[in-house]
Amino acid sequence: MSGKHWAPGTQCVAKHDHTKPKAQELAFHKGDLITIIEAVEGKGWYRAKHNDTGEEGLLAASALRERGAIRVNPKLSLMPWFHGKISGVQAVQELQPPEDGLFLVRESIRHPGDYVLCVSFAKEVIHYRVIYEENTLSIDNEQRFYNLIDMIEHYMKEQGAICTKLVKPKPKSGMKSAEDELAKAGWLLNLQHLTLGDRIGQGEFGDVLQGEYMGQKVAVKNIKCDVTAQAFLAETAAMTKVRHKNLVRLLGVILHNGLYIVMEFMSKGNLVNFLRTRGRAVIQTRQLLQFSLDVAQGMDYLESKKLVHRDLAARNILISEENVAKVSDFGLARVNPKGTDTTLLPVKWSAPEALKHNKFSSKSDVWSYGILLWEVFSFGRAPYPKLSLKEVTEMLEQGYRMEAPEDCPATVYMLMRSCWELEPGKRPSFKKLTEKLQKELKHLGDV
Ligand code: ADP
Ligand code: MG
């Protein structure tokens, strides 16, 4: 008996090589990514698909382990070769013993804002000044790059104007290569399998593109800024830890053009647009309740994992082809400078204690959920219409709360109001909200 029960779609990593498969068996190498299709009747075998070759076949569960979560690790770096402000002499010491193509990048001390690429070649260390001009970086004034990651990626593929192709990064002491760690854990996808299509959205951190990854429709968020990409990485942990039908699933990341975040594709876009473009005439109360329940269930799961969203709002809920609502952007919430700079908080969605004392919790998420309920039942209107941010803050303190949206069921409005209790402890949990909404849906079915 095998103790493993993997659901279809589970991502696994091969524990060893299996290069001489019998008929119907799948061939793979240690470290390959494999997707479970289904369990085979009997003892611990699965039908599965190889993520790189696309082949399908049988394999024993004992050959696999489930893809693990990435642990938050400040030492994980997208730029392990970046040594910061060290002198040329120190750089030379770091690149000992000599090895052709061993390299690092340091900040120029003499020319603040510029960088220096230091490369070991023919027993010498050569220093190339990287000039920062007009928002781009360049060594030869011809090839220009938006950030250091792109530059290094380029010179690892092409020698260009420098003495040798870059071969081996010299990591700053204590730093771990994010690329290696992501690959080991099974979260690094292969750029060759990705086809990019139209732009489907614009996020704060960069464009969102439609795409295809090995036959599956995907959405790809491209974070170009290396600092943001690095910050995101520290939070990848949140997204690699979760898996739930009401959370937009992270398929993996690709280190290219900064960072590509590859997610499941949600064909009907965000909830605000969905509601606004269809409206009262088309969408029934049952559907509104179902969306609300979907979100509550996703949030209940996040709460159970002790994850706080911080930016729960209808704009961050996405709708699938089958009309399932899923919560997105949870890993990004903390990367967001909004999290630390209270002047940038989404004021109309934020709980008073979050605004005033920066106190975020599942209970402040519940407050935001109340606002989301209001958005849903008003078919995508912006909350507190006609009130300025300042007015909202003041009036909330005096006990003011939004009125019920037109035709909103009384029970649903009561739920909103319970989410807007000033005292966080008095607000319901997401579990409670889930139960109430289920009851409401059932009630609707009975009449
Ligand atoms: P940000 O939070 O950085 O502003 P979002 O993640 O909200 O960016 O993405 C912006 C828009 O891109 C969304 O409103 C949605 O329309 C679209 N989008 C984002 N992720 C997906 C996805 N997985 N599937 C389909 N569309 C998406
Ligand atoms: Mg968003």
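**Before selecting.** This is a predicted model, in which local features need pLDDT of at least 70 and side-chain atom pairs count only at pLDDT 80 or more, while totals for chains, interfaces and linings use all residues. Residues are numbered from 1 along each chain as its sequence is written, chains are lettered from A and ligands numbered from 1 in the order in which they are written, and side-chain values use heavy atoms, with hydrogens and water left out.

**Whole chain.** Display the C-alpha trace, which spans about 80 × 65 × 40 Å along its principal axes. Of the 447 residues, 49% are buried, where buried means under 20% relative accessible area, exposed over 50% and partly exposed in between (1.4 Å probe, protein chains only).

**Domains.** Colour 11–64 as domain 1, 80–169 as domain 2, 190–264 as domain 3 and 271–443 as domain 4; such bounds come from an automatic or database domain assignment. The C-alpha centres of domain 2 and domain 4 are 48 Å apart.

**Nonpolar cores.** Next select Trp81, Leu117, Val295, Leu312, Tyr369, Phe377 and Met416, the residues with the most contacts inside the largest nonpolar core, which has 104 residues. Apart from that core lies another, of 13 residues, among them Ala14, Ile36, Tyr46 and Leu64. A nonpolar core is a set of buried Ala, Val, Leu, Ile, Met, Phe, Trp, Tyr and Cys residues joined through side-chain atoms within 4.5 Å.

**Ser292.** Select Ser292 in helix H6. Ser292 is buried, at 0% relative accessible area. Leaving aside residues up to four places away in sequence, Ser292 touches Tyr369, Leu373, Val376, Phe377 and Leu437; contact means heavy atoms within 4.5 Å.

**Ligand 1.** Show ligand 1 and the 17 residues that surround it, the closest being Glu204, Lys221, Met266, Asn270 and Asp329; a residue is counted if one of its heavy atoms lies within 4 Å. A polar side-chain atom of Lys221 is 2.7 Å from an oxygen atom of the ligand. The side chain of Asn270 has an N or O atom 2.9 Å from an oxygen atom of ligand 1, and a polar backbone atom of Glu264 lies 2.9 Å from a nitrogen atom of ligand 1.

**Magnesium ion.** Which protein donors does the magnesium ion (ligand 2) have? They are Asn316 (OD1) and Asp329 (OD), at 2.0 to 2.2 Å. Asn316 lies in the loop between helix H6 (285–304) and strand S18 (317–319), and Asp329 in the loop between strand S19 (325–327) and helix H7 (352–357), so the pair ties together parts that are 13 residues apart in sequence. Asn316 is buried, at 8% relative accessibility, whereas Asp329 is partly exposed, at 22%. Donors are N, O and S atoms within 2.8 Å of the metal (3.2 Å for Na, K and Ca); water is not among the atoms, so sites may look incomplete.

**Helix H2.** Finish at residues 148–157, where eight of the 10 residues are buried, so helix H2 is largely enclosed by the rest of the structure.

Note on methods
Helices (H or I, at least four residues) and strands (E, at least two) are DSSP runs, numbered from the N terminus. A polar contact is a pair of N or O atoms within 3.5 Å; within protein, one must be able to donate a hydrogen and the other to accept it, and residues adjacent in sequence count only if both atoms are side-chain atoms.
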